[in-house]
Amino acid sequence: MYARILVPVAYEPGVDIGRELQIARALSAHGALVMLVHVMEKAPFYAIDYMPAGWQDELREAIRADLAKQAAGLTQAGVAVLEGDPGRAILDFAQAEGADCIVLASHRSDTTLIGSTATRIARHATCAVHLIR
């Protein structure tokens, strides 16, 4: 059983983290902390001029609120919205937070493959990684 579990959340059409949360609960030790984490990639420089002022802060808060809503059924939960490259940001956050497990969905329609972010995390994580296909 794990005491600090990270569940990365990618906002894509049709995303449902029910399986990830179910597995995180099953792997949790009594009193475990489950952290839901989303990584916002930087917007392309050419798009920034067309966005209204403060859009990144509004988006970050909307994501944080949605993560908190999804974490409501967990005994002890936390949420974080990070910025940068998803694979690197998740790995750095997991190490900084002392995560002992990452529950990660591959988010690929072809279940025989896993995506580049999942591959990077699985290869370089310093903790256990539970990959869901």
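These entries record what I looked up in the model above.

**Basis.** I worked from a predicted model, in which local features need pLDDT of at least 70, side-chain atom pairs count only at pLDDT 80 or more, and totals for chains, interfaces and linings use all residues. Residues are numbered from 1 along each chain as its sequence is written, and side-chain values use heavy atoms, with hydrogens and water left out.

**Sheet.** I took helices (H or I, at least four residues) and strands (E, at least two) as DSSP runs, numbered from the N terminus. I found an open sheet of five strands with parallel pairing, in the order E3-E2-E1-E4-E5; two strands pair if DSSP finds at least two bridges between them. E3 (77-83) and E5 (128-132) are the edge strands, each pairing on one side only.

**Pairing of E1.** I counted six bridges from E1 (residues 2-8) to E2 (residues 28-40), and two from E1 to E4. Isoleucine 5 stands opposite valine 34 in E2 and opposite cysteine 101 in E4.

**Strand E4.** I noted that five of the five residues of E4 (residues 101-105) are buried, that is, under 20% relative accessible area (1.4 Å probe, protein chains only). Cys101, Val103 and Ala105 point one way, Ile102 and Leu104 the other. Five bridges join E4 to E5, with isoleucine 102 opposite valine 129.

**Glutamine 76.** I located this residue in the loop between helix H3 (55-70) and E3. Glutamine 76 touches Gly31, Ala32, Leu33 and Val34, residues up to four places away in sequence not being counted; contact means heavy atoms within 4.5 Å. Its C-alpha lies 9.8 Å from that of histidine 30, 46 residues apart in sequence.

Methods: Buried means under 20% relative accessible area, exposed over 50%, partly exposed in between (1.4 Å probe, protein chains only).
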